[in-house]
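Thanks for coming, everyone. Please have the sequence and the model open as I talk.

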Amino acid sequence: MGAPRRAIASVAVLAAAFAGAAVAAFASPADQEVTVGSPSTPFSQNKQNEPAVAIDAHDPSVMVAGANDEIDMESCAAGDPTTCPFTDGVGVSGVYFSFNRGAWMQPTYTGWTARDCLGPAACTPHVGPIGTLPHYYEAGLVSDGDPAVAFGPRPGANGTFSWSNGSRLYYANLTSNFSADRRLETFRGIEAIAVSTTDNVRAAAAGNASAWRAPVIISKQSATTFSDKEQLYADNAASSRFFGHVYVCWASFRSNSRGQAFPVPLTVARSADGGRTWITKQVGPATSNGLNSQPDGCVVRTDSTGNVYVFGIGTRNGATYQMMYRSTDGGAHWTGPLLVATVVEPGVFDPVQGRPVMDGIAGARVDLAGGPNVDIANGRPTGAGATNEMFMTWADGRQGLNNEQLMLTWSRNGGQSWATPSAVPIAAGDRPFYSAPAGSPDGSDLYVVYNAFTTPYRNDTTSARGLVGVVMHANVVNGVPTGWSVLERSPVGDPRGSSANALISEFLGDYVYAAATNDFAVAVWNDTRDAAPCATINAYRASLYTANPLSPPNVLGTCPATFGNSDIFGGTYTDPTP
C-alpha cells in the first residue's frame, strides 16, 4: 500500500499562483459540433455523450474524436411509444475526424442498424448504414461505447516502430456479444474491452470500412465479468525505450451475475506489436469492501523515457484518494498505489437512480466526477524538450453542495511527490463535474476543459438548470500553472433536455477530454444547448420521488422534437501566449 507523499509546492507558492487574481478572458472562438452526423430528433438517435479526442503527434492536422452515439438506435415511436430502448445488436461507439483543426466529419459504414425504425411499427433492425465503428456485427460483437482514442507510430515490416512508417489510430471501447445465445458467444461474460485500429484515417473518414482492422478482444473474461471504464494511450515519444507500445486500463467487475460489482481489480493490457496481440495483467489487489476499494475511472499515460502510469480513484481505510501505479518495464510489473491526494466526491445520493447527482433530483449521474484526469508533458512526438511534468484535475465537493471546485495538482518527479492541490479559479457559480487537463509536450502550457452546472441543486424538475463547457489556459512557469485565462465558454444549455434511455433521469455520461501540441489544443465536452426539456417527462421524473409514480409518457407525442438532443461540441485553441 502506498502512502501520501510530502507536497513539493508550498501553500504560499500556490497562493501566489491562484489567489485573488482575476481570470483573463479572451474572445471565444466559434466552437463547433463534433457529432455532426447526429439528427436533432428523434430521441434517442439525437443522444451523444462521453467524448474522447486525440491529436496525431506526428501530423497535428489530424484529429479524431469518439463518443457514445445513438444515431443508429430506433426511435421511441417504434413499438411502445412510452419506451426508448437500446436496440439489441446496434452499436454506439461513434467516431469523427478532422483534418483542419475543427471541421468535423462522421463517416457512414455498414453494420447492424435501426436508424430507419421511426415507428409506429415495432423495430426490426437489419444490415444497413451506421455511424459507429465498423466490423463489430460481422465479428459477432456490439460496440458499446465508453470510447478511448490515441495515435501512435506504425510498426514497420520488421516490427520496429517509427514515425517514418506513419501513424496508427487506436480506438478502445466496451463490447458485448451480438447474440444472447451463449452457444453463439464470441467471448464469455457481459462486457469486454475491444480495440480497433486503422493506419489510413483519411480513408476511414471517407467511409471506407476496409481501412479499419477487425476489433480485437483484449480483456480476459469469465461468465460474470463486466469490464468497464477503459482508457487507452500509445507511447508516442520516440525517445522512449518502449516507443510504440500501447496500454489500456479498466475496472474488471467480476460478480455481475450475483447482482453486485465486487471484487473490482484494476486491470492493464499492453501490446508491443501495434495492437495485434495483448498481455493482460491485474494491477494491485481485488479486494473491495467498506474500507478499501480499488482505483476506478482509470487513466493511463507514458513519459518520455517509457515509464507507464495508471491513475484512478479509490479508498484506503475508508478515505477516498487519487491513486497512482507505476511501471518501469513496459507494463510487466507495477508498484503502488501511491496515494496522490484526498478527494471529497461531489454529489447527492439520488434514491431513484441509486447514484450521485449534482444538478437536482432526476439529474445526470456524476459517479466519476471525483475521478482523475491526467496528462504528461512527454515531448511527443520525439521526446525532445520533455519536462515529464504530470497534471491532474478532478471535481471536488469538500466545500459542500453548490460550492464544488475544480482541483489541480501536479508532479515534477515522476509522481513521487505532488503539489498541494488547489482550486482552479473558475467563474463564480460554476459547479464543475467533469474535467480534463492537456499539457503541451514541452510543458510550457496547460489547458483544462470542464463541464459545469451553473445553477444550484434543484429539489424540483420544473426550475431551469444550466450546463456549460469551458476551456481554460495557463502558462507553466517553473512548473507552476499561472496566469489563467478563459478560451471558451459555451452557450448555456438545460441538462433537463438530456435523458437516459430509461427516461427516469438526465444523462451526460462520465467524462470530457482534451489534447495539446506545443502550438494549440483541442477540447470536447457534453452540450445541451440544442436540447429542449419536456414538461411531461419532468412531471414523470418528479413523480418517481413520491408514493404515487406516474407512468412514462408518450415521448415523441408529448415532448418537443429536440428533447434528448445532447451533443458533443468542441474547439481548437491556439496558444494565447506563444
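**Strands, cavities and ring pairs**

Let's start with a pairing: strand 25 (residues 390–396) and strand 26 run antiparallel to each other, joined over seven bridges. Two strands count as paired if DSSP finds at least two bridges between them. Helices (H or I, at least four residues) and strands (E, at least two) are DSSP runs, numbered from the N terminus.

A word on the source: this is a predicted model, where local features need pLDDT of at least 70, side-chain atom pairs count only at pLDDT 80 or more, and totals for chains, interfaces and linings use all residues. Residues are numbered from 1 along each chain as its sequence is written, and side-chain values use heavy atoms, with hydrogens and water left out.

Back to strand 26. Across from M407 in this strand stands W394. Strand 26 also pairs with strand 27 (residues 422–423), antiparallel again, over two bridges. There, L408 stands opposite S422.

Is strand 26 mostly covered or uncovered? Mostly covered: seven of its seven residues, 405–411, are buried. Buried means under 20% relative accessible area, exposed means over 50%, and partly exposed is in between (1.4 Å probe, protein chains only). Now look at the directions. Q405, M407, T409 and S411 point one way. L406, L408 and W410 point the other way.

Next, empty space. Rolling a probe the size of a water molecule over the atoms shows where empty space is left. How many cavities of 30 Å³ or more does the structure hold? Two. A cavity is a set of points on a 1 Å grid over the protein atoms alone where a 1.4 Å probe fits but cannot get out; lining residues have an atom within 4 Å of a point. Grid points are joined across faces, edges and corners, and a volume is the space filled by probe spheres set on the points.

The largest cavity has about 260 Å³ of space. It is lined by 23 residues, and G297, P372, N373, D510 and Y511 are the closest to its centre. Strand 25 comes back here: along with strand 14 (226–234), strand 18 (293–302) and strand 28 (431–439), it gives two or more residues to the lining. By class, that lining has 15 nonpolar, five polar and three charged residues. Ala, Val, Leu, Ile, Met, Phe, Trp, Tyr, Cys and Pro count as nonpolar, Asp, Glu, Lys and Arg as charged, and the others, Gly among them, as polar.

The second largest cavity has about 90 Å³. Its lining has 16 residues, with G91, W112, I130, Y136 and Y137 nearest the centre.

A pair of aromatic rings is described by the distance of the centres and the angle of the planes. Rings of Phe, Tyr and Trp (its six-membered ring) pair if their centres lie within 6.5 Å; planes under 30 degrees apart count as stacked, over 60 as edge-to-face and the rest as tilted. The count comes to nine aromatic pairs.

One of them is tilted: F43 and F563, 5.6 Å centre to centre, with 55° between the planes. Both residues are buried. Why is the pair of Y137 and F178 edge-to-face? Because their planes stand at 70°, with centres 5.1 Å apart. Y137 is partly exposed, at 30% relative accessible area. F178 is partly exposed too, at 28%.

That's my tour. Thank you.

Key: On a 1 Å grid over the protein atoms alone, a cavity is a set of points where a 1.4 Å probe fits but cannot get out, and a pocket is an open set with protein on both sides within 12 Å along at least five of seven lines; lining residues have an atom within 4 Å of a point.
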